[in-house]
Amino acid sequence: MVFFKGSKTPDSDVEDTGMILPTIPSDDAFAEDPQVWDLIVVGAGVAGASFAYEQGQQGRRVLLLERDLSQPDRIVGELLQPGGYLALKSLGLEHCVDGIDSQKVYGYCMFKNGEEAKVGYPLTGMGDDVAGRSFHHGRFVQRLRQSAANCSSLTVRQGIVKRLVNDKGEDWEEGQAVTGVRYKSASDGKDRTALAHLTIVCDGMYSSFRSKLGKGDVKHPSYFVGLLLKDVELPHPNYGHVVLASPSPVLFYPISSNEVRCLVDYPGEKLPPMTSGALHEYLVEKIAPQVPETLREAFCKAVNAGRIRTMQNKQLTSTPLHQPGALLLGDSFNMRHPLTGGGMTVALSDTALLSSMLQPLPNFTSSVETCDATSSFYVKRKPLSATVNTLANALYRVFCSTGSTAQEDMRQACFDYLRLGGVYSQGPSVAAFVTGTTLFLFSAHLRAR
C-alpha cells in the first residue's frame, strides 16, 4: 500500500499505533464569537498552532481553523534540529516534545563506501535540554494544538477555509484588504464568515491561498520513500544516519524508543510503479546492498512487510504580494529540500519573529500600525531562512550521485572534510541549524582536499 502525505489513511492502516492522542475538540460555540477577531489563523500545523498559541498567550482573541483536528499521519516533520528546539523554547512550547516518546538527537553520522563520518552538534553551554528532537510528527502536532486549545482567549475550530473575504464579507479580490475568511464548519456543514483585523495563512505545502498572497516557484526534486523499522538499534544511538548511496541519500533516525524512520530519496518527478513491483525491486536490489550491514535485515523486513509510503518533496521560493490584512507563514510560503530537516526550524523561527514584531501593538484595529509592524517580516526572516534553505538545497545536490567525476569529487571532499572531526565538523554542517546565523558552503570542503 502507498499513502501520500496529506491523505487520510483508514484507521486500521494508521502507522502510529503506539500512541494516538485525542482529537482536539472543535469549539463550535458560534454565538460567543466576537464580531471581529483580533486574528484568524488558517491551519493548525506546526507554524499555525504555535503562532496561535503565542498570540493567545498575549490575550489576543484568536480563531484557529483546521480542516482535521485528529492526529496527523505523515512521514516527514519528524526531526527538529537544535535551532528549532530553541525557537520552540522561546515560544514557551518546549513541553510539547515531552510525553510523546521523543528522542534526543545529538548529531548525525554519514556513511560512504564502508567508511563513517560522525558529526556532533556544537551544544556546549546551551543547557542539558538543548538538542535535536525526533518523534512521530502527529504526536508533536497534537501537543501543539492542545496547548493552543488551552488558551482561554483562543478558539480552535474544525472547518475548511474556502475563501478570503473583504471588509463587506464578500469574496476578496486583488487590491482589497483581507478582513477575514469564509469557511465550511465541520459540525453543521454551514458556510460561515469570520472577520479579523489580521489573517495568517499557514495551510501547508498544498496551500490553497499561496497564489493569492504571493508568487511562488515550486520545484519537485525528488520523492521520499518511507519505511518504519521496529526494534532495531542504530549504529550510533541518538544520532541521525545519512547513507551517501547512489543515486541519492538514505536517511535513518529514531522517532520513538523502539522505532526508526527510514527515508529513501528517489530523484526525479516520477516513482517506479508500486503495482508492478518495480518500487519494491528497486528498494531490495538497488538500495538494500548500500544500507549499513547492521540495518540491512531490518530494512528488507520493512520493505517486504509492504507498508511503503511515499511523499513528493518540494522546494518553494516565494515573493510576497503584501496584501493588506494577511500574511503567509510556514510551508505555504517557503520550502526547502527536507534532507537536512530544516523545515520546522524555519517555521518556528518565523513564528517567533512575527510574534515579536506584533508584540508591541496593544491591538490590531489600526490597519496602518499593523501593516507598519509587519511590513519588514519577509526581509527580517531572510538571514535564517536563506541560510537553512541554501544549505539544505546545496547539500542535497552535493550528496546525490550523478555520475559526474567533478560532482563525485565534491561529494567525497565533503565527506572527507567532515570525517576529520573536531573543528572541521563543527561549522559547515550544523551551525545553521543550531544558531541560524552562520553559513559555510563547499569552498571550505574543497580547500580541505
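Leaving aside neighbours within four places in sequence, G226 is in contact (heavy atoms within 4.5 Å) with I75, C262, L263, R307, I308 and R309. The structure described here is a predicted model, in which local features need pLDDT of at least 70 and side-chain atom pairs count only at pLDDT 80 or more, while totals for chains, interfaces and linings use all residues. Residues are numbered from 1 along each chain as its sequence is written, and side-chain values use heavy atoms, with hydrogens and water left out.

G226 is placed in strand β12, which spans residues 222–230; strands (E, at least two residues) and helices (H or I, at least four) are DSSP runs numbered from the N terminus. With a relative accessibility of 0%, G226 counts as buried, where buried means under 20% relative accessible area, exposed means over 50% and partly exposed lies in between, for a 1.4 Å probe and protein chains only. Although G226 and R74 are 152 residues apart in sequence, their C-alpha atoms are 9.4 Å apart in space.

Two helix pairs are considered next. Two packed helices are described by the angle between their axes and the distance between the axes. Axes are lines fitted to C-alpha atoms, for helices over the stretch in contact, and angles run from 0 to 180 degrees between N-to-C directions. Helix α1 (residues 46–57) packs with helix α7 (residues 343–358) at an angle of about 25 degrees, the axes being 9 Å apart. This angle makes α1 roughly parallel to α7, given that angles under 35 degrees count as roughly parallel, over 145 as roughly antiparallel, 65 to 115 as roughly perpendicular and the rest as oblique. The crossing in which α1 passes α7 is right-handed; a crossing is right-handed if the near helix is turned clockwise from the far one by less than a right angle, and left-handed if anticlockwise. On the side of α1 the contact is made by V46, A47, S50, F51, E54 and Q55, and on the side of α7 by M344, A347, L348, T351, L354, S355 and L358. By class, the residues of this contact of α1 with α7 are eight nonpolar, four polar and one charged, where Ala, Val, Leu, Ile, Met, Phe, Trp, Tyr, Cys and Pro count as nonpolar, Asp, Glu, Lys and Arg as charged, and the others, Gly among them, as polar.

In the second pair, the axes of helix α10 (residues 382–399) and helix α11 (residues 405–419) come within 8 Å and cross at roughly 115 degrees.

The loop between α7 and α8 (367–374) holds Q359, which counts as partly exposed at 48% relative accessibility. Apart from its neighbours within four places in sequence, Q359 is in contact with Q58 and R60.

S207 is found in the loop between β10 (191–201) and α4 (210–213), and at 13% relative accessibility S207 counts as buried. The side chains of S207 and D203 are joined by a polar contact of 2.7 Å, and S207 also touches V201 and S332 when residues up to four places away in sequence are not counted. S70, in the loop between β2 (62–66) and β3 (79–80), likewise counts as buried, at 16% relative accessibility, and its side chain makes a polar contact of 2.7 Å with the side chain of D68.

Several positions concern the backbone. Most residues other than glycine have a negative phi, and most peptide bonds are trans. D101, in the loop between α2 and β4 (103–105), has a positive phi near 60 degrees and counts as partly exposed at 28% relative accessibility. N113 has a positive phi near 50 degrees and lies in the loop between β5 (107–112) and β6 (115–120), where N113 counts as exposed at 70% relative accessibility. A cis peptide bond, with omega of about 15 degrees, joins S246 and P247.

Technical notes. Polar contact = N/O pair within 3.5 Å; in protein donor to acceptor, adjacent residues only side chain to side chain.
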